[in-house]
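Hello,

Here is the structure I promised to pass on to you. Please have a look at it first, and then read my notes below.

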Amino acid sequence: MNRAHPLTCARLIGAPYLQTRLCDTIVHRAALLIISGRRNSAVVPGIALHASYSTGRSNDLKDKDIATAKTNRRFVLPDTYASMARRILSRFLPRYQGPAIGRAVYSACSCYPDFKEFWVEECRLPETFQTWFSTTSFYVWMAMVRVRADPNAKHYNQGIVDSFFQDAEQKIRASGIKSGRIVNDTLKDLVSSFKGTVMSLDEGFARSDAALAAAVWRNILPVDDAVLQIDTIVHYTRVQLQILDSHDISKITTGQFAFGSVSACKH
(Lines give C-alpha, C1' and ligand atoms only; values in the text may rest on other atoms or scores of the structure.)
Protein backbone atom coordinates (compact mmCIF):
# COMPACT_ATOMS: atom_id res chain seq x y z
CA MET A 1 0.00 0.00 0.00
CA ASN A 2 1.28 3.46 -0.89
CA ARG A 3 2.34 5.82 1.85
CA ALA A 4 -0.62 7.75 3.33
CA HIS A 5 -0.82 11.40 2.48
CA PRO A 6 -0.54 13.63 5.59
CA LEU A 7 -3.62 15.75 6.18
CA THR A 8 -3.95 18.61 8.61
CA CYS A 9 -7.21 19.96 10.02
CA ALA A 10 -6.73 23.18 8.13
CA ARG A 11 -6.23 21.37 4.87
CA LEU A 12 -9.23 19.12 5.48
CA ILE A 13 -11.51 22.10 6.18
CA GLY A 14 -10.17 24.32 3.45
CA ALA A 15 -9.78 21.67 0.78
CA PRO A 16 -12.61 19.06 0.84
CA TYR A 17 -11.21 17.27 -2.19
CA LEU A 18 -7.74 15.82 -2.30
CA GLN A 19 -5.93 14.97 -5.51
CA THR A 20 -3.80 11.83 -5.30
CA ARG A 21 -1.56 10.26 -7.89
CA LEU A 22 -3.88 7.27 -8.43
CA CYS A 23 -7.43 8.60 -8.22
CA ASP A 24 -9.61 11.43 -6.94
CA THR A 25 -10.68 10.69 -3.38
CA ILE A 26 -13.44 12.57 -1.62
CA VAL A 27 -12.19 13.23 1.90
CA HIS A 28 -14.69 15.73 3.22
CA ARG A 29 -16.84 13.08 4.93
CA ALA A 30 -13.75 11.27 6.16
CA ALA A 31 -12.50 14.48 7.68
CA LEU A 32 -15.75 15.01 9.55
CA LEU A 33 -15.58 11.45 10.90
CA ILE A 34 -11.99 11.93 12.01
CA ILE A 35 -12.76 15.26 13.71
CA SER A 36 -15.91 13.93 15.40
CA GLY A 37 -14.00 10.88 16.62
CA ARG A 38 -11.45 13.12 18.26
CA ARG A 39 -13.94 15.60 19.75
CA ASN A 40 -12.89 14.75 23.29
CA SER A 41 -9.26 15.53 22.57
CA ALA A 42 -7.75 18.93 21.95
CA VAL A 43 -6.94 19.64 18.33
CA VAL A 44 -3.64 21.41 18.12
CA PRO A 45 -3.05 23.34 14.92
CA GLY A 46 -0.07 22.18 13.03
CA ILE A 47 -0.36 18.55 14.23
CA ALA A 48 -0.83 16.34 11.24
CA LEU A 49 -3.61 13.77 11.17
CA HIS A 50 -2.86 10.73 9.07
CA ALA A 51 -5.73 9.22 7.05
CA SER A 52 -5.32 5.88 5.33
CA TYR A 53 -7.13 5.08 2.13
CA SER A 54 -7.38 2.18 -0.30
CA THR A 55 -5.59 2.33 -3.59
CA GLY A 56 -6.21 0.60 -6.87
CA ARG A 57 -3.30 -1.73 -6.20
CA SER A 58 -4.90 -3.10 -3.02
CA ASN A 59 -8.14 -3.73 -4.92
CA ASP A 60 -6.16 -5.63 -7.53
CA LEU A 61 -4.61 -7.79 -4.80
CA LYS A 62 -8.03 -8.52 -3.35
CA ASP A 63 -9.32 -9.51 -6.79
CA LYS A 64 -6.35 -11.83 -7.24
CA ASP A 65 -6.96 -13.41 -3.83
CA ILE A 66 -10.62 -13.99 -4.70
CA ALA A 67 -9.66 -15.50 -8.06
CA THR A 68 -7.10 -17.77 -6.36
CA ALA A 69 -9.66 -18.90 -3.80
CA LYS A 70 -12.13 -19.70 -6.56
CA THR A 71 -9.46 -21.66 -8.40
CA ASN A 72 -8.50 -23.66 -5.30
CA ARG A 73 -12.09 -24.32 -4.39
CA ARG A 74 -12.97 -28.00 -4.77
CA PHE A 75 -15.41 -28.65 -7.57
CA VAL A 76 -18.48 -30.58 -6.43
CA LEU A 77 -20.75 -32.09 -9.04
CA PRO A 78 -24.42 -31.35 -8.38
CA ASP A 79 -26.52 -34.29 -7.21
CA THR A 80 -28.56 -34.37 -10.39
CA TYR A 81 -25.53 -34.63 -12.66
CA ALA A 82 -23.77 -37.03 -10.27
CA SER A 83 -26.68 -39.47 -10.32
CA MET A 84 -26.86 -39.17 -14.08
CA ALA A 85 -23.14 -39.93 -14.38
CA ARG A 86 -23.49 -42.95 -12.10
CA ARG A 87 -26.33 -44.31 -14.22
CA ILE A 88 -24.30 -43.91 -17.39
CA LEU A 89 -21.14 -45.45 -15.95
CA SER A 90 -23.05 -48.33 -14.36
CA ARG A 91 -23.91 -49.59 -17.83
CA PHE A 92 -20.28 -49.88 -18.86
CA LEU A 93 -18.60 -50.73 -15.54
CA PRO A 94 -19.52 -54.47 -15.46
CA ARG A 95 -17.99 -54.91 -18.88
CA TYR A 96 -14.63 -53.74 -17.58
CA GLN A 97 -14.98 -55.62 -14.30
CA GLY A 98 -15.78 -58.88 -16.08
CA PRO A 99 -12.20 -60.03 -16.80
CA ALA A 100 -11.00 -59.43 -13.22
CA ILE A 101 -14.05 -61.12 -11.71
CA GLY A 102 -13.68 -63.99 -14.17
CA ARG A 103 -10.08 -64.57 -13.12
CA ALA A 104 -11.03 -64.54 -9.43
CA VAL A 105 -13.89 -67.00 -9.87
CA TYR A 106 -11.92 -69.31 -12.14
CA SER A 107 -9.01 -69.31 -9.68
CA ALA A 108 -11.36 -70.77 -7.07
CA CYS A 109 -12.81 -73.25 -9.57
CA SER A 110 -9.43 -74.55 -10.70
CA CYS A 111 -8.42 -75.46 -7.14
CA TYR A 112 -11.03 -78.17 -6.72
CA PRO A 113 -9.97 -81.17 -4.58
CA ASP A 114 -9.93 -84.92 -5.26
CA PHE A 115 -8.76 -84.78 -8.85
CA LYS A 116 -6.44 -87.76 -8.48
CA GLU A 117 -8.14 -89.42 -5.51
CA PHE A 118 -11.66 -89.45 -6.92
CA TRP A 119 -11.71 -88.58 -10.60
CA VAL A 120 -8.60 -90.52 -11.65
CA GLU A 121 -8.30 -93.37 -9.15
CA GLU A 122 -11.87 -94.07 -8.09
CA CYS A 123 -13.60 -93.17 -11.36
CA ARG A 124 -10.77 -94.73 -13.37
CA LEU A 125 -10.38 -91.79 -15.72
CA PRO A 126 -7.01 -91.36 -17.45
CA GLU A 127 -4.88 -88.52 -16.13
CA THR A 128 -4.88 -86.59 -19.38
CA PHE A 129 -5.70 -83.10 -20.62
CA GLN A 130 -9.16 -84.22 -21.69
CA THR A 131 -9.95 -85.49 -18.19
CA TRP A 132 -8.75 -82.24 -16.68
CA PHE A 133 -10.87 -80.25 -19.15
CA SER A 134 -14.02 -82.31 -18.47
CA THR A 135 -13.79 -82.15 -14.68
CA THR A 136 -12.85 -78.46 -14.67
CA SER A 137 -15.81 -77.73 -16.95
CA PHE A 138 -18.03 -79.32 -14.31
CA TYR A 139 -16.79 -76.97 -11.57
CA VAL A 140 -16.84 -73.94 -13.86
CA TRP A 141 -20.46 -74.74 -14.70
CA MET A 142 -21.45 -74.81 -11.02
CA ALA A 143 -19.82 -71.41 -10.45
CA MET A 144 -21.57 -69.99 -13.52
CA VAL A 145 -24.93 -71.23 -12.23
CA ARG A 146 -24.42 -69.21 -9.04
CA VAL A 147 -23.19 -66.11 -10.86
CA ARG A 148 -26.32 -66.09 -13.04
CA ALA A 149 -28.23 -64.65 -10.11
CA ASP A 150 -26.31 -61.38 -10.54
CA PRO A 151 -27.77 -58.78 -12.94
CA ASN A 152 -24.36 -58.49 -14.64
CA ALA A 153 -23.91 -62.26 -15.02
CA LYS A 154 -23.45 -61.95 -18.78
CA HIS A 155 -20.16 -60.10 -18.43
CA TYR A 156 -18.97 -62.05 -15.39
CA ASN A 157 -19.59 -65.48 -16.90
CA GLN A 158 -17.85 -64.40 -20.07
CA GLY A 159 -14.83 -63.49 -17.98
CA ILE A 160 -14.92 -66.92 -16.30
CA VAL A 161 -15.03 -68.71 -19.66
CA ASP A 162 -12.22 -66.56 -21.07
CA SER A 163 -10.01 -67.34 -18.06
CA PHE A 164 -10.82 -71.05 -18.38
CA PHE A 165 -9.81 -71.22 -22.04
CA GLN A 166 -6.72 -69.10 -21.49
CA ASP A 167 -5.62 -71.69 -18.95
CA ALA A 168 -6.50 -74.47 -21.40
CA GLU A 169 -4.45 -72.82 -24.13
CA GLN A 170 -1.44 -72.55 -21.81
CA LYS A 171 -1.69 -76.24 -20.96
CA ILE A 172 -1.94 -77.16 -24.64
CA ARG A 173 1.17 -75.16 -25.49
CA ALA A 174 2.97 -76.50 -22.41
CA SER A 175 2.36 -80.04 -23.70
CA GLY A 176 4.65 -79.33 -26.64
CA ILE A 177 2.24 -78.20 -29.37
CA LYS A 178 3.75 -75.15 -31.03
CA SER A 179 1.61 -74.86 -34.14
CA GLY A 180 -0.85 -72.01 -33.85
CA ARG A 181 -3.24 -73.66 -36.30
CA ILE A 182 -3.41 -76.86 -34.25
CA VAL A 183 -3.92 -74.87 -31.05
CA ASN A 184 -6.74 -72.83 -32.58
CA ASP A 185 -8.47 -75.91 -33.99
CA THR A 186 -8.22 -77.66 -30.63
CA LEU A 187 -9.67 -74.64 -28.83
CA LYS A 188 -12.58 -74.51 -31.27
CA ASP A 189 -13.39 -78.15 -30.53
CA LEU A 190 -13.13 -77.48 -26.81
CA VAL A 191 -15.49 -74.51 -27.06
CA SER A 192 -18.10 -76.67 -28.78
CA SER A 193 -17.63 -79.39 -26.17
CA PHE A 194 -17.95 -76.91 -23.31
CA LYS A 195 -21.16 -75.42 -24.72
CA GLY A 196 -22.67 -78.88 -25.02
CA THR A 197 -21.66 -79.73 -21.45
CA VAL A 198 -23.20 -76.54 -20.06
CA MET A 199 -26.47 -77.04 -21.92
CA SER A 200 -26.69 -80.69 -20.92
CA LEU A 201 -25.97 -80.01 -17.24
CA ASP A 202 -28.43 -77.10 -17.19
CA GLU A 203 -31.18 -79.30 -18.54
CA GLY A 204 -30.41 -82.15 -16.16
CA PHE A 205 -30.24 -79.82 -13.16
CA ALA A 206 -33.61 -78.27 -14.03
CA ARG A 207 -35.41 -81.55 -14.76
CA SER A 208 -34.46 -84.34 -12.34
CA ASP A 209 -31.64 -86.33 -10.79
CA ALA A 210 -31.97 -88.95 -13.50
CA ALA A 211 -31.53 -86.36 -16.24
CA LEU A 212 -28.58 -84.85 -14.37
CA ALA A 213 -27.01 -88.30 -13.99
CA ALA A 214 -27.36 -88.86 -17.74
CA ALA A 215 -25.68 -85.51 -18.42
CA VAL A 216 -22.80 -86.39 -16.09
CA TRP A 217 -22.38 -89.77 -17.76
CA ARG A 218 -22.32 -88.28 -21.29
CA ASN A 219 -20.05 -85.32 -20.63
CA ILE A 220 -17.91 -85.95 -17.53
CA LEU A 221 -17.76 -89.62 -16.59
CA PRO A 222 -18.30 -91.79 -19.68
CA VAL A 223 -17.65 -95.06 -17.86
CA ASP A 224 -20.17 -97.89 -18.09
CA ASP A 225 -19.79 -99.36 -14.62
CA ALA A 226 -19.52 -96.08 -12.71
CA VAL A 227 -23.10 -96.02 -11.45
CA LEU A 228 -22.15 -95.41 -7.83
CA GLN A 229 -19.71 -92.67 -8.75
CA ILE A 230 -22.31 -90.94 -10.94
CA ASP A 231 -24.84 -91.07 -8.12
CA THR A 232 -22.24 -89.50 -5.82
CA ILE A 233 -21.57 -86.74 -8.34
CA VAL A 234 -25.29 -85.96 -8.67
CA HIS A 235 -25.67 -85.67 -4.91
CA TYR A 236 -22.45 -83.65 -4.72
CA THR A 237 -23.77 -81.25 -7.37
CA ARG A 238 -26.96 -80.53 -5.44
CA VAL A 239 -25.08 -79.99 -2.19
CA GLN A 240 -22.44 -77.69 -3.67
CA LEU A 241 -24.97 -75.53 -5.52
CA GLN A 242 -26.92 -75.15 -2.30
CA ILE A 243 -23.74 -74.09 -0.48
CA LEU A 244 -22.85 -71.60 -3.22
CA ASP A 245 -26.36 -70.20 -3.08
CA SER A 246 -25.95 -69.53 0.65
CA HIS A 247 -22.89 -67.34 -0.05
CA ASP A 248 -23.27 -63.66 -0.81
CA ILE A 249 -22.68 -62.82 -4.44
CA SER A 250 -19.81 -60.50 -3.49
CA LYS A 251 -17.88 -63.47 -2.09
CA ILE A 252 -18.48 -65.42 -5.28
CA THR A 253 -17.35 -62.64 -7.60
CA THR A 254 -14.18 -62.10 -5.55
CA GLY A 255 -13.33 -65.81 -5.50
CA GLN A 256 -13.78 -66.19 -1.73
CA PHE A 257 -15.27 -69.67 -1.89
CA ALA A 258 -14.09 -73.26 -2.25
CA PHE A 259 -15.59 -76.53 -3.36
CA GLY A 260 -15.84 -79.39 -0.93
CA SER A 261 -14.59 -82.93 -1.36
CA VAL A 262 -16.58 -85.29 -3.58
CA SER A 263 -15.75 -88.23 -1.33
CA ALA A 264 -17.62 -86.55 1.54
CA CYS A 265 -20.91 -86.91 -0.38
CA LYS A 266 -20.80 -90.68 -0.69
CA HIS A 267 -23.92 -92.42 0.53
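Helices (H or I, at least four residues) and strands (E, at least two) are DSSP runs, numbered from the N terminus. The model is predicted, so local features need pLDDT of at least 70 and side-chain atom pairs count only at pLDDT 80 or more, while totals for chains, interfaces and linings use all residues. Residues are numbered from 1 along each chain as its sequence is written, and side-chain values use heavy atoms, leaving out hydrogens and water.

Let's start with two loops. D114 is found in the loop between α4 and α5, and its phi is near 65 degrees, a positive value in a residue other than glycine. Most residues other than glycine have a negative phi. D114 is buried, with a relative accessible area of 14% (buried means under 20%, exposed over 50%, partly exposed in between, with a 1.4 Å probe and protein chains only). R124, in the loop between α5 and α6, also has a positive phi, about 60 degrees, and is partly exposed at 45%.

Now the helices. The axes of α6 and α7 (lines fitted to C-alpha atoms over the stretch in contact, with angles from 0 to 180 degrees between N-to-C directions) come within 10 Å and cross at roughly 165 degrees. That makes α6 roughly antiparallel to α7 (angles over 145 degrees count as roughly antiparallel, under 35 as roughly parallel, 65 to 115 as roughly perpendicular and the rest as oblique).

Finally, Y139: beyond its neighbours within four places in sequence, Y139 is in contact (heavy atoms within 4.5 Å) with residues including W119, Y236 and F259.

Best wishes
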